[in-house]
Amino acid sequence: MGGRGRFGTVNCGKESEVDRLLLPIIMILVCVLLGGGTLLFLKFSERRKKAKSRDKEELAQMTANEFVNVKDIRGSFLYTRDGMALAYLKIFPISTELFSKNEKRLIAKQLTASLSSGQYPFQLLAVSRPVDISPLMAELSSTLTSSSDIKQKELLKHEIVEMGGFALSGEVVERQFYIKIWDKAVDRVERDLLQKLKYLSGYFADCGIQTEILEQQDIVRLCNLVNNPAYVHLEDAGFEAAIPILESVGVV
C-alpha cells in the first residue's frame with residue numbers, strides 16, 4: 001500500500017511538470033499563429049494597394065480614343081474599336097414661331113412620312129454648346145473705334161463688357177441637332193452610309209430644313225461636345241416626369 005502511494009505521488013508530479021511545459025509551448029504556438037496571420041494580412045493588403053495603384057496607372061495611360069471607343073476618324077466617318085462605322089448629319093434649326101399651326105402640322109406630317117420610309121436605325125442627338133459671339137464682338141469693337149459720339153462709346157463699352165461676361169460664364173448656349181447612323185465596318189459601308197445620309201438630307205430639304213454632312217473636323221468637335229466635360233454647361237430648365245404624347249398629326 002505504501003509503495004503504491006509513493007508511485008502515485010511520482011506520477012502526479014510528472015503530470016504537473018508536463019502541464020507546466022505545455023503551457024509555454026501553447027503560448028508560443030498562439031503567438032506564432034497570430035504573428036503569421038498578421039504578416040499574411042499585411043502582405044495581402046500591400047498587394048491590393050499595389051494592384052489598385054497599377055490599375056490607376058493603366059487607366060491614366062488609357063488614351064482618349066480608347067475611353068470613348070473611337071478607333072479612327074477619317075473623312076465623313078468615325079470608326080469604333082468594336083468594328084462599327086458611324087456617320088453624322090447636322091440639322092440646322094428653324095424658327096417655328098414664325099409658322100402657323102397649320103404650317104407646323106404640315107411640316108410634321110411631311111417629315112414623318114419621309115422618315116418612316118427609312119428602313120434602317122438612326123439616332124437623334126441634341127447637344128448644347130456655347131454660342132459663338134466673336135462676330136458680334138468684332139462688330140461692336142469696330143463701331144466703337146469708328147464712333148465719335150461720347151455717349152455711344154460708353155454704351156458700346158458697356159455692351160462689350162456684358163457680352164464678354166456672357167462668353168466667359170458659358171451661360172449663352174445653343175442647341176444643336178444631329179442624326180447619327182451606323183453599320184458594321186465592312187467593304188463599301190462608307191458608300192451605303194453616305195447614300196443614307198443623302199436620303200435623310202433630301203427629306204429635310206423637302207420641308208425647308210437645311211442639313212449638312214459632317215466632315216472629319218466637325219465630327220471631332222461633336223465628340224468633344226458629347227464626351228469632354230470642358231464643353232458641358234448647365235442649363236436651367238425645369239423638368240418633370242411625364243409620358244410624351246404626340247398630337248394627332250397622322251400620316252396621309
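Colleague: Which pattern does the protein chain follow, read along the sequence?
Modeller: The protein chain runs α-α-β-β-β-α-β-α-α-β-α-β-α. Helices here are DSSP runs of H or I with at least four residues, strands are runs of E with at least two, and both are numbered from the N terminus. This is a predicted model, where local features need pLDDT of at least 70 and side-chain atom pairs count only at pLDDT 80 or more, while totals for chains, interfaces and linings use all residues. Residues are numbered from 1 along each chain as its sequence is written, and side-chain values use heavy atoms, with hydrogens and water left out.

Colleague: And how many helices and strands is that?
Modeller: The protein chain has 7 helices and 6 strands.

Colleague: What percentage of the 252 residues is buried?
Modeller: Buried residues account for 21% of the 252. Buried means under 20% relative accessible area, exposed means over 50%, and partly exposed is in between (1.4 Å probe, protein chains only).

Colleague: OK, the largest nonpolar core. Which residues touch the most other members?
Modeller: That core has 18 residues, and the ones touching the most other members are Ala87, Ile179, Ile181, Leu193, Leu197, Leu200 and Phe204. A nonpolar core is a set of buried Ala, Val, Leu, Ile, Met, Phe, Trp, Tyr and Cys residues joined through side-chain atoms within 4.5 Å.

Colleague: Which elements give two or more residues to this core?
Modeller: Strands S2 (77–80), S3 (84–91) and S5 (173–184), plus helix H6 (189–206). H6 provides the largest share, 6 residues.

Colleague: What does Leu193 touch?
Modeller: Leaving out residues up to four places away in sequence, Leu193 touches Phe77, Ala85, Leu86, Ala87, Ile181, Trp182 and Asp183. Contact means heavy atoms within 4.5 Å.

Colleague: Back to helices. At what angle do H3 and H6 pack?
Modeller: About 165°, with the axes of H3 (residues 101–115) and H6 9 Å apart. The axes are lines fitted to C-alpha atoms, for helices over the stretch in contact, and angles run from 0 to 180 degrees between N-to-C directions.

Colleague: Parallel or antiparallel, roughly?
Modeller: That angle makes H3 roughly antiparallel to H6. Angles under 35 degrees count as roughly parallel, over 145 as roughly antiparallel, 65 to 115 as roughly perpendicular and the rest as oblique.

Colleague: Which residues make the contact?
Modeller: H3 brings Gln110, Leu111, Ser114 and Leu115, and H6 brings Leu200, Tyr203, Phe204 and Asp206.

Colleague: New topic: where is Arg188?
Modeller: Arg188 is in the loop between S5 and H6. Its phi is near 70°, a positive value in a residue other than glycine.

Colleague: Is Arg188 buried or exposed?
Modeller: Arg188 counts as exposed because its relative accessibility is 53%.

Colleague: And where does Tyr199 lie?
Modeller: Tyr199 lies in helix H6. With 44% relative accessibility, Tyr199 counts as partly exposed. The C-alpha atoms of Tyr199 and Ser114 are separated by 9.4 Å, though these residues are 85 residues apart along the chain.

Colleague: Last one: where is Leu136?
Modeller: Leu136 is in helix H4 (residues 134–146), and is partly exposed, at 36% relative accessible area. Leu136 and Ile160 are 24 residues apart in sequence, and 9.2 Å apart in space from C-alpha to C-alpha.
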